[in-house]
Amino acid sequence: MSKKNDRNSGAKTEGRNADGTFAPGNPGKPKGSRHRATQAIEAMLEGQQEALTQRAIDKALEGDVTALRLCLDRIAPARKDAPVSFALPEIETAEDVDCH
C-alpha cells in the first residue's frame, strides 16, 4: 500500500464538524472499503481458500474436534435470537397484573 493513500480509504479531507458529523466534502470511508489487515490476509490467502477449506473438512472427518467445530460453526452457527417460551396468565384488566 502506498504512503500517499494510507489515511482512511480516500484523499485527505477536512475531517469532522464540531457536532461530530462529517464536514462538507468528507463522506467518510467508501462503502465496502476493507481494513488494511483484512486486505493483507486476503492477499496471503489468494487462491488457497478451496485447499484450506478442504483441509479443514478432511481434519474434521479424521476426528479433529477443533476442525469439526470450525466446520459446524460455519454450516450451522449458534442462534443468537432463539425465542423463549413461557406461560402467562390471562390478563383482561390492569388489576389482573400481579407486580409482586
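Before starting, one definition: a helix axis here is a line fitted to C-alpha atoms over the stretch in contact, and angles run from 0 to 180 degrees between N-to-C directions. Keep in mind that the model is predicted.

**Exercise 1.** Work out which elements make up the chain, and in what order.

Solution. Start with the tally: 3 helices and 0 strands. Reading from the N terminus, that gives α-α-α.

**Exercise 2.** Describe how H2 and H3 cross.

Solution. Two packed helices are described by the angle between their axes and the distance between the axes. Take H2 as residues 49-61 and H3 as residues 65-75. Their axes come within 7 Å and cross at roughly 120 degrees. Now classify the angle: 65 to 115 degrees would be roughly perpendicular and over 145 roughly antiparallel, so H2 and H3 are oblique to each other. As for handedness, the H2 and H3 crossing is left-handed.

**Exercise 3.** Find the residues that make the H2 and H3 contact, then sort them by class.

Solution. On the H2 side, pick out Ala-56, Ile-57, Lys-59 and Ala-60. H3 brings Ala-67, Leu-68, Leu-70 and Cys-71. Sorted by class, the contact has 7 nonpolar, no polar and 1 charged residues.

**Exercise 4.** What share of the chain counts as buried, and what does its surface look like?

Solution. Using under 20% relative accessible area as the cut-off for buried, you get 7% of the 100 residues. The accessible surface comes to about 9,400 Å², with 56% belonging to carbon and sulfur atoms.

Conventions. Residues numbered from 1 in each chain as written. Predicted model: local features only at pLDDT ≥ 70, side-chain atom pairs only at ≥ 80, totals over all residues. Heavy atoms only, no water. Helix = DSSP H or I, 4+ residues; strand = E, 2+ residues; numbered from the N terminus. Parallel < 35°, antiparallel > 145°, perpendicular 65-115°, else oblique. Left-handed = near helix turned anticlockwise from the far one by under 90°. Contact = heavy atoms within 4.5 Å. Nonpolar A, V, L, I, M, F, W, Y, C, P; charged D, E, K, R; others polar. Buried < 20%, exposed > 50% of the residue type's maximum accessible area, 1.4 Å probe, protein only. Areas by Shrake-Rupley, 256 points an atom, 1.4 Å probe, with all protein chains shown as cover.
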